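Student: I have a new structure to go through with you. Could you take a look at it with me?

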Amino acid sequence: MSERYELAVVGGGPAGLSAALMASKFGVKTVLVDENRKLGGQLVKQTHKFFGSYEHMAGVRGIAIGRKLSEEVMNDPNITVMLSTTAIGYYEDGTLALHQREPEEKLIDIKPQTVIFATGARENMLAFPGNDLPGVYGAGAVQTLMNVYGVLPGERVLMIGSGNIGLIVTYQLLQAGSRVEAIVEILPRIGGYIVHASKVRRYGVPILTRHTIIEAIGDEKVEGAVIAQVDERFRPIPGTERELDVDVICLAVGLAPIINLTWQAGVEIAYIPELGGHVPWHDEDMRTNVPNVFVAGDLAGIEEATTAMIEGELAALSAVEFLGKASPSELAAKREDAHSRLEDLRLTVFSEKVKAGIEKLKNWRADLTERAGKTPS
Amino acid sequence: MKRIEDHPVLDFDRGEKVVFYFEGRPIEGYTNETIAAALHAAGIKVLGYSARKHRPRGFFCAIGKCSSCLMVVDGRPNVRTCMEFVRPGIHVRRQHGLESIVQEEGDE
């Protein structure tokens, strides 16, 4: 048991970093915990340039944004950073248990007055025979391997999913020196931005819509994949099967929030498919039903780094309010500013799903009560 | 597989080149690489076998979330090798199922 922090931020990605920085503006004594050696979360592998949405970050590579925020946090006298440290539990009495691996292994318990969970997301799996073979990797894993550690994931890759992640990672694989044999997409249209799709097509990567993976081939590791066309109801059409000679099958089929700690903290968990599945219940200022617990970023609903940063600011403002560190008017101005930037970012068609999810979350409690009154028919 | 030597956007700070052991065999790795990344660079994709059906296991998420890359490191099972960095001289071997936790010196 060490000194008493006013705020603990769990997760040093875009949401957690900007939360810590915003809290610091109000003099909040903060500890930021991250299980990696470096801050930045998944920004450390985003080599692509961000789109022209976030006023200061348009055209900037994700890695550069991560580096800038990390430097600010590391140099901030109000913020203590604990790296190589995993938050492993949050208990009834407010104890946050930490497992530090480096420089020496130890268990640490702290009792922060408030906690912002910004634990991010994990990658979705897809059901097909052989999906557990070595060589079936998540798109984020492929990025980590090639963009963080500089190791080529494979020679010939099959990409599953044509959302922005599938398209961007395909391009990054080409940059790193792999071949991408095809991108398969089960829907009749490409999921991501056309500009990303055009780019990989120019490099000769076919994007096969209305296609899916049937199975991974190989005994000890991936040695190929069978793909096929699907009908309107997403059933494979017999006779359209095709074998591809690949050593990596990369899954870019979405992400799901990492809710474990918030669940343990007593935060209500809602099921909102549009936000990535199970998400901690929260209001528009990122408060949960537990008064001193707040959430931000992909944990609160799968979205983008740009929106995560603003959610981090909002979560910090709510923590500042709980701690009584600012006047309501001071908070109101900052909140209004953050909400208007968030609204701007959510103007594109790609945000429709997220907006529908947020709407569902607002009504979630009322819907539950209504459903509880009915017997299943 | 191989390490990327020439990247249009990135320079890699791999750290120091060291030797560690996989199944008793010396492997070259770098101190800024995780064990899983160094093994992948050496062409080793199978990191263990599943408990019941003994299916081969490799990493899946590479960020410490999926537990697919658990290996035995210096006698200690269940080490997430996608999070644990290479250190000189460590002994890494494939994990078979859950394996048992060894009492470490000093444990009560």
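Tutor: A point of definition comes before the domains: their bounds come from an automatic or database domain assignment. Please also keep in mind that this is a predicted model.

Student: Into which domains is chain A divided?

Tutor: Domain 1 of chain A covers 7-122 + 255-369, and domain 2 covers 125-251. The C-alpha centres of domain 1 of chain A and domain 2 of chain A are 31 Å apart.

Student: How many residues does each domain give to the contact?

Tutor: Domain 1 of chain A provides five residues, and domain 2 of chain A provides seven. On the domain 1 side, one residue is nonpolar, three are polar and one is charged.

Student: Changing topic, where is Glu241(A) found?

Tutor: Glu241(A) sits in the loop between strand S14 (224-229) and strand S15 (242-244) of chain A. Leaving aside residues up to four places away in sequence, Glu241(A) touches Ile214(A), Val226(A) and Ala228(A).

Student: Why does Glu241(A) count as partly exposed?

Tutor: Glu241(A) is partly exposed because 13 other C-beta atoms lie within 10 Å, whereas a buried residue has 20 or more and an exposed one 12 or fewer.

Note on methods:
Residues numbered from 1 in each chain as written. Chains lettered and ligands numbered in written order. Predicted model: local features only at pLDDT ≥ 70, side-chain atom pairs only at ≥ 80, totals over all residues. Contact = placed C-beta atoms within 7 Å. Nonpolar A, V, L, I, M, F, W, Y, C, P; charged D, E, K, R; others polar. Helix = DSSP H or I, 4+ residues; strand = E, 2+ residues; numbered from the N terminus.
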